[in-house]
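Let's take a walk through this structure, one piece at a time. Have the 3D view open as you read.

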Amino acid sequence: MTVSTEPTNVEPIPSQAPQALRPHAEDAFAAELTALAAQDDRPRPERWKLSPWAVATYLLGGTLPDGTVITPKYVGPRRIVEVAVTTLATDRALLLLGVPGTAKTWVSEHLAAAVSGDSTLLVQGTAGTPEEAIRYGWNYARLLAHGPSRDALVPSPVMRAMAEGMTARVEELTRIPADVQDTLITILSEKTLPIPELGEEVQAVRGFNLIATANDRDRGVNELSSALRRRFNTVVLPLPESADAEVDIVSRRVDQLGRSLDLPGGPEGLDEIRRVVTVFRELRDGVTADGRTKLKSPSGTLSTAEAISVVTNGLALAAHFGDGVLRAGDVAAGILGAVVRDPAADRVVWQEYLETVVRERDGWTDFYRACREVSV
């Protein structure tokens, strides 16, 4: 006798689309963008989803007349955001410049999401970025079969933005080889992209603009030519002015990341966040917060973005291997990894800071012990 092993009366499990680990800005903040668009009665440049005022409000945060709260995406001087948004409303491209970790990519993404409703027209700059990534490429199967044609052409994100009147993004512009960088000169000055193989050109329609990010502190960067730099309006994103501002930025971003990763969070971790920020700022500035003790600075940048990473990793440790409360031992290893990039020189800097500053600071005994344990 054969016995069936198949289950009976079992309802099929409905298929669910997997949730993105990091949704695009226009998806993650769709409700805010929709609320802003519904109440935005100010003039909008052609093909913009929001007015310049609404774009600035989206980045800086605020409360709308109907009570909708817009969360701040950037914590910093309002004038910087206003200049960046105004630039995009002209025919000048925008260059966001700053040291690593000053939220250049973050601001770039949210600007594109608010202006065009699409932040995905992106060219990621690397040492190996080819010219085709900025101009266009070819579908070689069609090219060999039928020769050069529009069907065989593969448009770049910049080319698509030009044709559709959208905002394109070029990340880490200074990491792209200089000869490839200069591909942008004609695009930004003439607002055209020649296609000599077809005897044609793509002309940018109204609404097109480009946001680039760059820094000149990391290794492996290429200086922009003066001709290309003149095509941009440069906005420098500074480091947070005060420790309180940086703590606020780190807390907000860690809270967002923690929710997306289902990590616990709460006010109990604020003291550790402030400690991480204090350590980073003092080593970055080369002096203690009270100005009394000069310090040696390590080779790393110790940026706000790295502080966010250290705290997020600490929350994960607390959640999976602790009681869910962020403590000194959860962030100690992350701080060591961020500070000691050069095993020889940076380790000396870190040990000196521990013994002369952290050891003597009231209320930091647990932090000192945790850091000593991972530093041995």
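Start with helix 11, which passes helix 13 in a right-handed crossing. Keep in mind that this is a predicted model. On the helix 11 side, the contact is made by E246, I249, V250, R253, V254 and L257, while helix 13 brings in T304, A307, I308, V311, T312 and L315.

How are two packed helices described? By the angle between their axes and the distance between the axes. Here, helix 11 (residues 243-260) and helix 13 (residues 304-321) pack at about 50°, and their axes lie 9 Å apart. That angle makes helix 11 oblique to helix 13.

Now stay with helix 11 itself. Which of its residues are buried? They are E246, V247, I249, V250, R253, V254, Q256 and G258. The cover over these buried residues includes helix 5 (104-116), helix 12 (270-285) and helix 13. After helix 11 comes D262, with a positive phi near 60°.

From G258, let's jump to P157: the two are 101 residues apart in sequence and 31 Å apart in space, going from C-alpha to C-alpha. P157 sits in helix 7 (residues 157-164). Its relative accessibility is 22%, so P157 counts as partly exposed. Leaving out residues up to four places away in sequence, P157 touches L121, L122, V123, A133 and A168.

Conventions:
Residues numbered from 1 in each chain as written. Predicted model: local features only at pLDDT ≥ 70, side-chain atom pairs only at ≥ 80, totals over all residues. Heavy atoms only, no water. Axes fitted to C-alpha atoms, helices over the stretch in contact; angles between N-to-C directions. Helix = DSSP H or I, 4+ residues; strand = E, 2+ residues; numbered from the N terminus. Parallel < 35°, antiparallel > 145°, perpendicular 65-115°, else oblique. Left-handed = near helix turned anticlockwise from the far one by under 90°. Contact = heavy atoms within 4.5 Å. Buried < 20%, exposed > 50% of the residue type's maximum accessible area, 1.4 Å probe, protein only.
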